[in-house]
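Hi,

Here is the structure I promised to pass on to you. Have a look at it first, and then read on for what turned up.

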Amino acid sequence: MTARVLDGKALAAAAEGELATRVAALAARNGGRVPILATILVGDDPASATYVRMKGNACRRVGMDSRAIEMPATTTTEELLACIDELNANPDVHGILLQHPVPAQIDERACFDRIALAKDVDGVTTAGYGRMAMDEPAWGSATPAGIMRLLAHYEIPLAGRLAVVVGRSPILGKPMAAMLLNADATVVVCHSKTRDLPTLVRQADIVVGAVGKPAFIRGEWIKDGAVVVDAGYHPGGVGDVELDAIVERASAYTPVPGGVGPMTINTLIWQTVAAAEAAAAG
Ligand code: NAP
């Protein structure tokens, strides 16, 4: 069997066409005003700067604006909270992205949770997570929400399937597990204290690698016919799963790069456009 490629790059590109139409329609209704995503970058981590730049570029591709706020590495929690308060109060800003991680002296959770729910287009607030987990309307955390869009597009069946999520971070593993559960999968969430990870992964119909270690999930752990979602991205285009080993045995997989990454960015701007539409509708 040769696995199907779950092509996030192609799906994101197609979705950008639709988003451009929606942005143009919003502008026509609102005197030329387009949705605005505010991005906040604290410190000088080069990878974070690249991610923020890619998000700004994606906004421009669909005709949206982004407002890039850069704060020094010495920023305090209070200063960052004040910046978020200002953006929350600004009616021209429809979405707020606080790039993770922030410098260690900042209380990241407090800052995430200060983002107004309606503008939490990256799905990072405790309230948004809780609403999503309860299957109530909320913007999903961008990476797992992007993965769900990709799985839906390729009509990957989830109901009753055993999904094993490796990783439980607040922005990826935990919301991923809740979304899969809401889609009626049976979900196992693994983490650094999990015992006998290979045995758990071997049973999975769907494996999500969200562990942050290159090729950590071995190809031999993946059962024949499984669907493999690799959220990891490491230098040299390596993900969290040993993908080369499974392309002949899995039924479908996300490539690295070109799988989960483009869907994350696309979901962020998709949710910003939807937030702007909601704001315009009053
Ligand atoms: P993270 O915050 O570092 O979380 C890693 C998770 O992996 C933790 O829950 C940790 O468990 C678990 N873990 C660590 N060692 C383990 C082990 N030996 N066995 C089982 N689980 C283990 O990372 P993250 O932010 O969720 O990111 C995960 C990956 O996704 C990274 O490669 C990152 O680059 C990638 N990512 C990609 C995108 C995208 O857009 N493509 C977006 C975000 C992240 P504990 O909780 O017990 O510590």
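Leaving aside its neighbours within four places in sequence, which residues is Leu 6 in contact with? Please bear in mind that this is a predicted model. The contacts of Leu 6 include Leu 150, Leu 151, Tyr 154 and Ile 156. Val 227 is also in contact with Leu 6, and so are Ala 252, Tyr 253, Thr 254, Pro 255, Gly 258 and Gly 259.

Leu 6 also matters for the next topic, the core. The largest nonpolar core has 29 residues, and Leu 6, Leu 151, Ile 156 and Leu 180 are the ones that touch the most other members. Two or more residues of this core come from each of α1 (8–29), α6 (142–153), β5 (162–166), α7 (173–182), β7 (206–209), β8 (227–230) and α9 (260–280). Helix α6 gives the largest share, with 5 residues.

Now to the sheet. It is open, with 6 strands in the order β1-β9-β8-β7-β5-β6, and the pairing is parallel. β1 (4–5) and β6 (186–190) are at the edges with a single partner strand each, so one side of each has no neighbour in the sheet. Further in, β5 and β7 run parallel and are joined by 4 bridges. In one of the pairs, Val 166 has Gly 209 of β7 as its bridge partner.

As for the domains, the protein is divided into domain 1 (30–119) and domain 2 (142–260). Their C-alpha centres are 28 Å apart.

Thr 77, Leu 80, Leu 81, Cys 83, Ile 84 and Leu 87 are its buried residues. They cover an arc of only 160° around the axis, so they sit on the same side of α3. On the other side of α3, Glu 78, Glu 86 and Ala 89 are exposed. What do the buried residues of α3 pack against? Their partners are β2 (36–42), β3 (65–71), β4 (95–98) and α4 (108–114). The length of α3 (residues 77–89) checks out too: at 1.5 Å a residue, its 13 residues should span 18 Å, which agrees with end C-alpha atoms that are 18 Å apart.

Is Glu 16 buried or exposed? Its relative accessibility is 15%, and because the limit for buried is under 20%, Glu 16 counts as buried. Leaving aside neighbours within four places in sequence, Glu 16 is in contact with Ala 58, Arg 61, Val 62 and Asn 266.

Best wishes

Methods:
Residues are numbered from 1 along each chain as its sequence is written. This is a predicted model: local features need pLDDT of at least 70, side-chain atom pairs count only at pLDDT 80 or more; totals for chains, interfaces and linings use all residues. Side-chain values use heavy atoms; hydrogens and water are left out. The expected span of a helix is 1.5 Å times one less than its number of residues. Buried means under 20% relative accessible area, exposed over 50%, partly exposed in between (1.4 Å probe, protein chains only). The arc is that of the directions from the helix axis to the C-beta atoms. Contact means heavy atoms within 4.5 Å. Domain bounds come from an automatic or database domain assignment. A nonpolar core is a set of buried Ala, Val, Leu, Ile, Met, Phe, Trp, Tyr and Cys residues joined through side-chain atoms within 4.5 Å. Two strands pair if DSSP finds at least two bridges between them.
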